[in-house]
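Work through the exercises below with the model in view. Each task is followed by a solution in steps.

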Amino acid sequence: MISLLAGVIFSPAAANFVRPLDYAGSEENLNAVTLYFSRLVLGVQLVLAGVQLPSRYLKHEWRPLSVLLGPIMTMMWLATSLLVWALVPHMGILHALVIGSCVTPTDPVLSNVIVKGKFADHNVPKDLQQIIIAESGANDGLGYPFLFLALYLIKYIGDGGATQPGGARTAMGMWFGETWGYTILLSVVYGAVVGWVAKELLHWAEQRKFVDRESFLVFALSLALFITGTCGLIGSDDVLACFIAGNAFTWDDWFRLQTLDDSLQPTIDMLLNVAIFMWFGAVCPWSEFLNNDVVPLYRLVILGVLVLLFRRLPWLLAVKGFIPQLRDLRQAIFMGFFGPVGVSAIFYLYITLEFLETLNVDGAPRSDVAHLGETVKVVVWFIAICSIVRAFCPSFTVMNRAANGNIGCAWSEHPSRKTRLVSPADLVQRPAVSIRQRRPLSALRYR
Amino acid sequence: MTSFPGRSRFLQAGVLCQPTTNRLCPWFNNTSFFPSGLPLPPRSPHEQGRLWGYLIAVPRQLRYRTYFPDSSPWSAPGIGAIGQLNLASAIMPTLAVNDFNIVVSVLGGWVSLFGLVSYLCKENFYLSEARMFVTTIDDLSSRPVLLTLPPS
């Protein structure tokens with residue numbers, strides 16, 4: 001929030017110190033720069049998120065995670081799309097689905113801000129922090145199917161098949177084959193393989209004392225860069241691959257425990273956050289919120305408020321029972337209210353704009369999607385700004401405490417209350433042994 | 001060639017004759033599906049079994065489809081492309097070879113791989129570089145050949 005403000009202050013709208021458009025040269029270049037920047041930040045953040053999760057987290061917690069990634073994500077997508085469809089004038093349902101899918105994934109960067117730090121340590125239980133991080137990490141890459149379902153349908157049946165013959169059948173084939181098979185499945189496999197190989201290599205080199213301390217610490221970051229680059233090269237889902245690779249990399253918890261008390265990763269984290277939000281502040285189309293020919297400002301404001309309220313909260317309350325980390329209503333409200341929209345939404349926004357570029361007929365936008373680009377840009381930016389502002393707003397503390405039922409007191413000051421700082425799951429010591437050291441199955445017979 | 005009994009349908013007195021109609025799949029000409037030299041599918045349901053269907057006929061049909069993508073033996077000619085997926089357009093990925101991706105992957109890959117052996121390299125190169133310098137001077141100064149060289 002602070003760096004977003006700083007970005008606005010330095011931007012051409014105010015002080016004119018930072019002029020993104022001048023640096024980039026053209027609007028297309030600026031879009032590309034923003035897309036790549038957010039990709040880079042997401043990749044690094046997601047590897048770090050995967051690294052920070054405990055050993056075999058995805059395997060232990062697959063049940064609540066699949067609830068959060070399946071029905072909850074779908075409902076978030078549909079709810080946002082319906083709100084956009086209702087509130088933005090002259091909006092087709094397919095176009096609304098595009099906008100909805102852009103803001104569906106919760107953002108790992110902003111989630112990190114919420115669930116980390118002193119305040120969160122005092123107020124949010126450890127396992128709730130972990131499930132929020134895991135959810136925001138995993139659903140970031142999983143926005144692709146939602147987005148491309150709508151985009152392929154627009155491509156093939158948006159103008160009645162005039163420019164792209166094939167119809168809905170081709171669109172579905174492309175969606176299953178390319179999005180699910182090529183993008184999602186391949187990136188999961190690729191991330192797992194690369195993370196695993198990296199772990200084994202680092203083990204091997206560390207045992208022989210080939211690695212110095214600096215390279216050891218920076219290994220996760222360079223792994224993130226490598227995956228972002230190579231996955232981008234093959235056109236797959238680099239964000240998801242980064243998260244999976246981060247998890248596979250610390251599958252045996254070795255690297256995480258080695259770097260637990262080190263401050264390099266939070267430092268890089270902070271640096272990237274400040275940089276990207278300053279950049280966002282500078283490139284955000286502030287004037288277009290006021291002057292655009294697609295949606296008036298008052299509707300945008302209503303939309304922003306409604307999206308913040310209905311995008312996530314009701315659905316999380318509905319599935320509270322399926323997620324053991326949510327012990328009571330307050331925690332469900334907390335998790336439902338703070339599903340931030342941020343870097344990942346901007347990432348998907350520019351992916352959409354890039355895709356729409358490919359639909360151009362003779363250099364001009366296709367007639368049915370002529371206004372889609374501008375609408376998506378304005379609405380997604382606005383929702384993201386709303387969410388960023390809300391995620392950081394000082395009333396967060398007050399509202400959370402109000403949700404706790406004791407205004408002015410954090411949970412930690414009321415040990416007598418039902419909520420616990422340390423969950424029972426944390427007290428159970430999980431053995432941090434690697435797979436190789438596990439006892440053979442034959443040992444069970446003699447117990 | 002082969003003594004597969006199915007071939008005897010088309011071979012009468014050693015001459016390849018007009019093929020009969022396939023009863024299971026009437027629009028499908030057996031000879032074009034199995035070019036000469038390949039064994040024919042079993043004639044009767046008794047010869048036909050799961051083994052034949054899944055292990056031999058299905059892979060062969062897939063192979064045939066990749067060679068001749070325009071026609072599919074299991075679909076009538078009039079129906080056209082039902083059951084065929086245009087694999088070329090569906091599987092061909094969208095490679096994005098641009099500067100950013102190349103630079104980032106090269107940078108990340110190099111830092112990772114060099115990081116694995118960084119200590120080794122530093123230890124060997126830096127120490128031995130210094131030592132090499134010292135020994136060279138020592139060797140040179142103590143070597144009689146150097147002393148006996150004529151002044152240039």
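**Exercise 1: A charged group**

A:Glu200 is partly exposed, at a relative accessible area of 26% (buried is under 20%, exposed over 50%, partly exposed in between, with a 1.4 Å probe and protein chains only). The model is predicted: local features need pLDDT of at least 70, side-chain atom pairs count only at pLDDT 80 or more, and totals for chains, interfaces and linings use all residues. Residues are numbered from 1 along each chain as its sequence is written, chains are lettered from A and ligands numbered from 1 in the order written, and side-chain values use heavy atoms, without hydrogens and water.

Task: find which residues are linked with A:Glu200 in a network of salt bridges.

Solution. 
1. A salt bridge is a side-chain nitrogen of Lys or Arg within 4 Å of a carboxyl oxygen of Asp or Glu.
2. A:Glu200 pairs with A:Lys199, their closest N and O atoms being 3.3 Å apart.
3. A:Lys199 is buried, at 4% relative accessibility.
4. A:Asp252 also forms a salt bridge with A:Lys199, with 3.8 Å between the closest N and O atoms.
5. The network therefore links A:Lys199, A:Glu200 and A:Asp252.

**Exercise 2: A second pair**

Task: state whether A:Arg256 and A:Asp253 are buried or exposed.

Solution. 
1. A salt bridge joins A:Arg256 to A:Asp253, the closest N and O atoms being 2.9 Å apart.
2. Both A:Arg256 and A:Asp253 are buried.

**Exercise 3: Confidence**

Solution.
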